[in-house]
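Look at the sequence and the structure first, then read on.

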Amino acid sequence: MRPKACSQACANASQVLPDTMDFVVTTLLNALTLISILMLVGLGLAISFGLMNVTNLAHGEFVTVGAFAVYFVQSVGGSFWLGLAAAPIAGAVVGCILEFAIIRHLYSRPVSTVLATWGVSLILQQGLELTFGLGAKPVTPPIEGTFDLFFTVYPAYRLILIAIAMLTLLGVVLLISRTSFGLDIRTVIQNREMAEGVGINTRRTYAIAFTFGAAIAGLAGGLVAPLAIVLPQMGVNYLANAFFVVIVGGVGSIGGLVAGSVFVGGLTSVLNYQISPSLAQAIVLLAAIVAVRLRPNGLFNGASR
Amino acid sequence: MSDVLLQAENVGIRFGGLQALEGLNLTVRDRELCCIIGPNGAGKSTFLNLLTGTLRPTSGSVRFLGHDIAGLPLHRIARLGIARKFQIPSVFPSLSVEDNLKVARWGTSSPVRPVGELLDLVALGSRAATLAGELAHGQKQWLEIGMALAIEPRLLLLDEPTAGMTPQETLATAQMLLRLKGEFSIVAVEHDIRFVRALNCETLVLHQGRRLRSGPFHDIEADEMVRDVYLGRR
Amino acid sequence: MLRTLAVSAGYGLLPVLNGIDLSVAPGEVVGLLGRNGAGKTTLLRVIAGGLKASGGAVVLGDQDLTDAAAFRRARAGIAHVPQGRGIFNQLTVRQNLEVGTRAAMDRGDGGIPDDIFGYFPILREREAQIAGTLSGGQQQMLAIGRALCGLPSVLLLDEPSEGIQPNIVQSIAELVPRIARERGIAIVLVEQNLDLVLKAADRCLVMEKGRIVHEGTPEAFADESLLKDLLAL
Amino acid sequence: MIARDRNWLLIFAVCAALAVVYPFIADGYQLTVIRDALIFGLFAASLDFFWGRTGILCFGHAAFFGIGGYIMALVTLNDAIPLGSLLGILGAIAGAAFVAAIIGYFLFFGGIRGSYFTIVTLAMGVICQQAAVSWSSVTGGDSGLIGIPPIAFDLGEIHVDLSQDLPSYIFVASIVAVVVLVLWSLSRGRWGAVLTAIQDNEVRAAALGHNAPLRLLVTFVLSAAIAGLAGALYVCMAGLVAPDLSGLLLSTEVIVWVAVGGRGTLLGPVLGAIAIQRAQQTISSFNPSLWPLLLGCVFVVIVFVLPDGILSIYARLKSLFKGRRQAQ
Amino acid sequence: MISRRTILKSGGAAAAFAMVGAPSILRAADTVKVGLSIPITGLQAILGETLLNCYKLAAAELNAANGIGGRQVELFIEDNQTTTKGSIDKARKLINEDKVDVVMGTIISPERSATLSVTSKAKKLFFYPTNFEGGECNRYFVATGPIPMQQVDPMMPWVAENLGKTIYVMASDYAWPQKMTEAITAAYEKAGGKIIGADYYPFGTTDFGPAFQKIKSLKPDVVWSMVVGNDAVTQLKQYRSFDIKQPLIAPLDEVFNKDALPPGVAAGTYAPQPYWMALDNPVNKKFIASFREKFGQEKMVNGIGEAGYNGLHLYALAAEKAGSLRDDDVLKALPTIEFDAPQGKIRVDASNNHTLCHSYVGKAAADGISYEIAKDFGAITPVTPYCKV
């Protein structure tokens, strides 16, 4: 008997279970967890890739650096929350150095940016490995156990993750739309030379925006650290999906980012339950390609323009 | 009526809630020259996009040699015989002038004019080996007209062909077009009144998406209403 | 007010400016004429900082700005309205003006000066509209208005008439000298449209191959033969 | 332009001469090393034909290499199929081309260009590797398919048997030489000029009657087909095919080879592939953990110091020399 | 570089001459060259390090005891980068350039297949230490690790009796777990159990939430995880956070638990292995002691490393008995000898070149690192209907 055949039959059998609410709520929360992570990683990319048109293949390493920050703080005796506070700072520091040393010299050379940032990603991975040694790093979650949600029990830490992700998103939306720095960013993105001409220090604005994106990715890394593996090579697991989120959702808008995250994350979670997870992943990526063909400007085009 | 090349009948287009163009008619006969003028935002470029099939009208119809060309891919439209010169000069900067013209000729199945003749027509004979990106602004515009000629068009659409040109370049361009007038039809959208005056052709004046006046240019120039909304008084 | 001393510049190895000496006083409008490729736009870019000078100096009052970044020059009081206007299409009219005040952050109160709407009442009307949907003429007014929000002492206008319908060109021709006088701004006006220049400028310069070859009052330029000679009309 | 052509042909001739002389000075093992490096050189040239001519970076090119390899393996491992090696090669080329045509259709006609294309192809590579691992009934799963025989077939009078080192080296070297020459003549002629035009301004090219998406698609398909050929050759020489031959790592490596060798030169990537692989194996024997670090630095250094690749050193030296002579 | 190669070449020529002249092992001037293809970088680097150390230990032990037939053992260590291409290149280099007498090492299947494709063509002996799914069969291929039937067949009745009658399988999506699941299903059904679900996750999965949701709704008695490598870390962390009570069987070992897992997450899990550090016999005690003395007191060792260590010793014994390093001679002698390994006495089966391995179920202690032996099934003969060498 092929084990896969069983997997199908069992999946079907499980769908007729009576506690539908449990199923729906858990699926929803699973999807939300994934969406939250994708959204946070994608948020930084939406800024660098979507707005500044910088294809940064070292973006995954910001996630890694954030996760390592949590590991490091814990390993010297600090609490998880201290580590989580250090994560975006670590991401920001690395992002700032990367922007200063490499990216800013390559704004007009997109293909070179791809090469250089991939190189940086290799250097960072190997550097982390040389510094912290081989293998996965242990990170302990701040709270163990589950939380009772009437219909189901769900890991408490995942609920915290979702909440922090939503708050961060809200913060970014407010920052971009309500503050004068947000206005500067939007100005620089639209017409760099003219922004410089009205007295905005565009280099600084770009550097800050890029650093900010790296900080959010670092935060994402800190948040996933207790949940997933912490390893110098972990970043690549998030990179491709995050790019997809940005492309599918439509470049240049927060709404698009949310739409993209819901599309990729939601579809992955739901399909994962229905079919073989490998197939599910392939289908999600193929669906994303088709979505991009049908809506080249993104699922959410027009909203920001 | 068999010599009608392009016919726009009662054309209108609406973007979202905005009626951008309404009730426009234009008939271009074979080897005819005509101009479209009007204030900014009058819808000239939109109208040109409708004529080239880039946009599909929400009402009325545009037919080229009897075909509906709306929504066809650009290269198909080019192969039907519609050449277009863009507002911003768009040549291929990393190819030489000669290669620019060659690439243009290769776009059609049966190019007629040899490259040498094209070079002479647009007065770039001495710069054949220069990279197009290094040409002066006006020369780029001319090269682009040369590229449009290379595909042996039935109809040449020019979007502000003299934008950024000095007065003397503008006049030279007008003379170039007058020389070509007998070979195919030309529709030019233009701001520069001197240029339109030099062409002195049938002219359509747009205003707020509608036809304001049409007729020979000297009639238009004298028209009170056109002077009011567009030309201004001295 | 604004002086350039033997400024030269170029793109790559191609020299465009060869030792330009230019001086503009507060309240004065200087028209810059010349053929395409003479270097007019390049000169404005060098003054505004979009392009580095390869030699010479750019001085504003007693500040040497030759090596300053473009945004520093803007903050020092040089406002540039480039060809094509450079409006932030996706921002509202008001946001465009607000961004314009960035240049004045060290000098002004950060607010949009009221008299901007006096010059351009249409901007108040359209305050909440997305700038990209304005007509060309309105965008030109917004560009000038935005430049004024930075409380500049020097205003560089590059082809304000380009792509603008004739009747709006006329009103710009009237506004430019008025702005210069009322606000004491030195204005450099680059134009192809001879009528506009002759109407608005106090003094006219003719450039050719990167040099200033002729200087005179607009009245002197009214002489047709001189114009033909200089501009090859 | 003509001087550049002469330079290229000169370098090509030198390389060809070296390739002819090499079997006389090398032993069998060294021949196989260079032979395999040449196959990856062919792979690099295939990527360069697309990337160098269109300016669009494909980050999943190993997918086509892997598809070619798997098809070759499946055909030659199936005893029922006659003319196994020959059909395998043809099938590998056709299979890679077919997949490229499908993906390319969606992307090019969907208006996907630039970084978007890069990212989507990156994901394509990930899917391909995952499919090769999961679909184990056909692909042999993560351990791949082993026992692929060396290329051997009879075609009329011609008898081809590449089980020995020297014949296989000659076969591979000739294929690489021919393909590189053909791609080069394609890319400098009409085809190349139109592609350059599309790269410069696609809308303009379309308005002149060029079917830009189709041109890009055909170029992409051709490039993928050659990658498939390279994959087919490699698995026969190696005797097996495995999922990571279509994976992200190989996709990355081939980009480095092209970038180091010189994008758009076709010959440079072949040399880059050989040089880097030799360096990699040597350094790895000496200190394993140094290589990834060094690879990363190579990426960064290339971008800043040698953006046109090693082949440009020759042209640079020449112009430097000329400049000096003029200065004197 | 050139001089070194020349020396190697002349050395090779001398060896060839010596072989023709005197077909014996007794030429103490030469060394026995053992080529190691190890994943030192790449995905399997943690396990690679332990494996390499075990080879070094075995070589040091042999050399301290007069080598192999009086000849010192020389290790040629190459990093195969955990890739197919790297494994092929390095195997070729070891055989053709370094002219090694035997190739050993590799961990995951692609490394093994790639190395095997080179060694089998060159008719060179290749010793593979890792637990594998079986299926590959070659005269010159010697497996010193267990195949699924050795681990699973004796264990399933015990699982059915002690842990429960239904199992849910979650695994990485590749050949070993798929073959394992087939073996588990067959043996478990014979023992009266039932596999009620199996899901295979692609490598690099960051969220296993849907699997835990299934576990909650399917309510199996036992969860059997074959999520491996880095993903195992993610999977275990999340498994704990969902607060699932069922016993978990997971293919972990002391090295992985210590170097890769957060403290305690593996506590209480079961694992079938041919070797555990907790084995109470003098050979194992000595093995662990000398391992720790050489590489550090806190170091752990696992079944893969032990199988590598065994492989080199088995080779040495066989070569000594054959009095020759020729591959065919060593192969002939190999099934006739026995080695007193840390896991117990082992020998290579003549019919398939697989090794008779012991089978134990270990249960992880509260620290999540070390194991206690939950059940000893004794030594199991490898039975491979598909393979006859």
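Start with chain B, which is divided into domain 1 (1-81 + 154-233) and domain 2 (89-152). Domain bounds come from an automatic or database domain assignment. This is a predicted model, in which local features need pLDDT of at least 70, side-chain atom pairs count only at pLDDT 80 or more, and totals for chains, interfaces and linings use all residues. Residues are numbered from 1 along each chain as its sequence is written, chains are lettered from A and ligands numbered from 1 in the order in which they are written, and side-chain values use heavy atoms, with hydrogens and water left out.

Taken over C-alpha atoms, the centres of domain 1 and domain 2 of chain B are 24 Å apart. The size of an interface is often given as the accessible area lost when the parts come together. Between domain 1 and domain 2 of chain B, the buried area is about 1,200 Å². That term stands for the accessible area (1.4 Å probe) that two parts lose on being put together, summed over both. Carbon and sulfur atoms give 66% of the area between these two domains of chain B. On the side of domain 1 of chain B, the residues that lose the most area to domain 2 are B:Met165, B:Met176 and B:Leu180, together 32% of what that side buries.

The rule finds one salt bridge across the interface of domain 1 and domain 2 of chain B. A salt bridge is a side-chain nitrogen of Lys or Arg within 4 Å of a carboxyl oxygen of Asp or Glu. The side chains of B:Arg113 and B:Glu183 form a salt bridge, at 2.6 Å from N to O. Three residue pairs across the interface of the two domains of chain B are in polar contact, with both residues at pLDDT 80 or more. A polar contact is a pair of N or O atoms within 3.5 Å; within protein, one must be able to donate a hydrogen and the other to accept it, and residues adjacent in sequence count only if both atoms are side-chain atoms.

One loop of chain B deserves a stop. Most residues other than glycine have a negative phi. B:Asn200 has a positive phi, near 45°. B:Asn200 is in the loop between helix H7 (193-199) and strand E9 (202-207) of chain B. B:Asn200 is partly exposed, at 45% relative accessibility. The classes are buried (under 20% relative accessible area), exposed (over 50%) and partly exposed in between, with a 1.4 Å probe and protein chains only.

Next, step out to the chains. Six pairs of chains are in contact, and chains A and E share the most contacts. Chain E puts 39 residues into the contact with chain A, and chain A puts in 44. Chain E and chain A bury about 3,600 Å² between them, 58% of it on carbon and sulfur atoms. One salt bridge crosses the interface of chain E and chain A. A:Arg158 and E:Asp207 form a salt bridge, with the closest N and O atoms 2.9 Å apart. Chain C does not touch chain D, and their nearest C-alpha atoms are 15 Å apart.

Finish inside chain E. A disulfide (a pair of cysteine sulfur atoms within 2.5 Å) joins E:Cys137 to E:Cys387, at 1.8 Å from S to S. E:Cys137 lies in the loop between strand E4 (126-128) and strand E5 (141-143) of chain E, and E:Cys387 in the segment after strand E14 (371-380), so the pair ties together parts that are 250 residues apart in sequence. E:Cys137 is partly exposed, at 31%, whereas E:Cys387 is buried, at 3%.

Conventions
Helix = DSSP H or I, 4+ residues; strand = E, 2+ residues; numbered from the N terminus. Contact = heavy atoms within 4.5 Å.
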